[in-house]
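The sequence and the model are shown first.

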Amino acid sequence: MSQCTACGKPLTLEIDLEVEDESDHDATGSGSEVPDSVELTQCLLDSYEIVQCPQCSKDVSSRNSSGEEQVLCNLNNEGGLQEGFDILPILKEESYLRAFPEERRCRAFLEFCAEGDVGAILDLINSDEDEDTSMSFNEEAATKPIDVLRYQDPMGSLSTGLHVAISNGREEIVWLLLFLASSLELHLFPPDVLDAARTLGAKREEQTGKVDVRVLEDSNHRTAENLAQQLGGMWEPWIQSKRLRPKVDGILPIV
């Protein structure tokens, strides 16, 4: 069995498998070990903060065709073997989250926006609300909570969840974020979208005093509407309706 060069522990991960008993249809859990190893093309990377091997100081990074730094490895886990996998973005993100652990939920939120997972987004927001109500006055004063709905990714060009949803063609997420984090009037939402919001238990807070998510720009000075204009295609009707454009000086988008 392969072992970690740094600590000597087996390069496996134990997972629980659901085993169904055919006689009574009861599911029982059993443990199983799967590979969980990272084989670098040169040698071991022990730390998220460096690109040198801690044993021999060899630089394990390289440059791709665009001249960007990468750390290629053979990743072997429960998903199978992936050869030539660039693990550097994951290492950078984990390093960032070690420094700013309070942003883990924000990172998860962006992933859900990219995947189109409406239920996961609502679960995350509801869990945030539960934590806020249980927080004492002193705790709330000491730590200002992050507004997940308006979070801008410092590792991803300051994109918001709305930018991410548009980039990934997630129309249902765009509707959800406009419902939760914009001042778009309810009569501008299709009835089926409002019905789905009610069914899923989505709650729209009073938007007075809050930043409309449509105003926020990424590091390229693009609002969500600007990004949709660049992408075109499925977003053409949105551009025509001006739903992605926040009202200015009380003037509403025309549909």
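## Salt bridges

Nine salt bridges are present in the structure, a salt bridge being a side-chain nitrogen of Lys or Arg within 4 Å of a carboxyl oxygen of Asp or Glu. This is a predicted model, in which local features need pLDDT of at least 70, side-chain atom pairs count only at pLDDT 80 or more, and totals for chains, interfaces and linings use all residues. Residues are numbered from 1 along each chain as its sequence is written, and side-chain values use heavy atoms, with hydrogens and water left out.

One of the salt bridges joins Glu94 and Arg104, with 2.8 Å between the closest N and O atoms. Glu94 belongs to helix α1 (residues 88-99) and Arg104 to helix α2 (residues 104-115), so this pair ties together parts that are 10 residues apart in sequence. Helices (H or I, at least four residues) and strands (E, at least two) are DSSP runs, numbered from the N terminus. Glu94 is partly exposed at 23% relative accessible area, and Arg104 is partly exposed at 38%. Here buried means under 20% relative accessible area, exposed means over 50%, and partly exposed lies in between (1.4 Å probe, protein chains only).

## Further charged pairs

Arg150 and Asp147 form a salt bridge through their side chains, at 2.9 Å from N to O. Arg150 counts as buried, with 12% relative accessibility, whereas Asp147 is partly exposed at 36%. Salt bridges also link Glu93, Arg107 and Asp153 in a network.

## The site around Asp218

Asp218 is located in the loop between α7 (191-200) and α8 (224-231). Its relative accessible area is 4%, so Asp218 counts as buried. Asp218 forms a salt bridge with Arg222, the closest N and O atoms being 2.9 Å apart.

The side chains of Asp218 and Arg222 also make a polar contact (2.9 Å). A polar contact is a pair of N or O atoms within 3.5 Å; within protein, one must be able to donate a hydrogen and the other to accept it, and residues adjacent in sequence count only if both atoms are side-chain atoms. A polar atom of the Asp218 side chain lies 2.9 Å from the backbone nitrogen of Asn220. When neighbours within four places in sequence are left aside, Asp218 is in contact (heavy atoms within 4.5 Å) with Ser157, Leu158, Ser159 and His163.

## Positive phi angles

Most residues other than glycine have a negative phi. Leu158, a contact of Asp218, has a positive phi near 60°. Leu158 lies in the loop between α4 (137-142) and α5 (161-167), and is partly exposed, with a relative accessible area of 36%.

Lys242 also has a positive phi, near 65°. Lys242 is found in the segment after α9 (236-241) and is partly exposed at 30% relative accessibility.

## The chain as a whole

The chain contains nine helices and seven strands. Of its 255 residues, 35% are buried. Among contacts with a separation of 6 or more, 50% are between residues 24 or more positions apart.

The chain exposes about 15,400 Å², and carbon and sulfur atoms supply 49% of that area. Accessible areas come from the Shrake-Rupley method with a 1.4 Å probe; for residues, only the protein chains shown count as cover.
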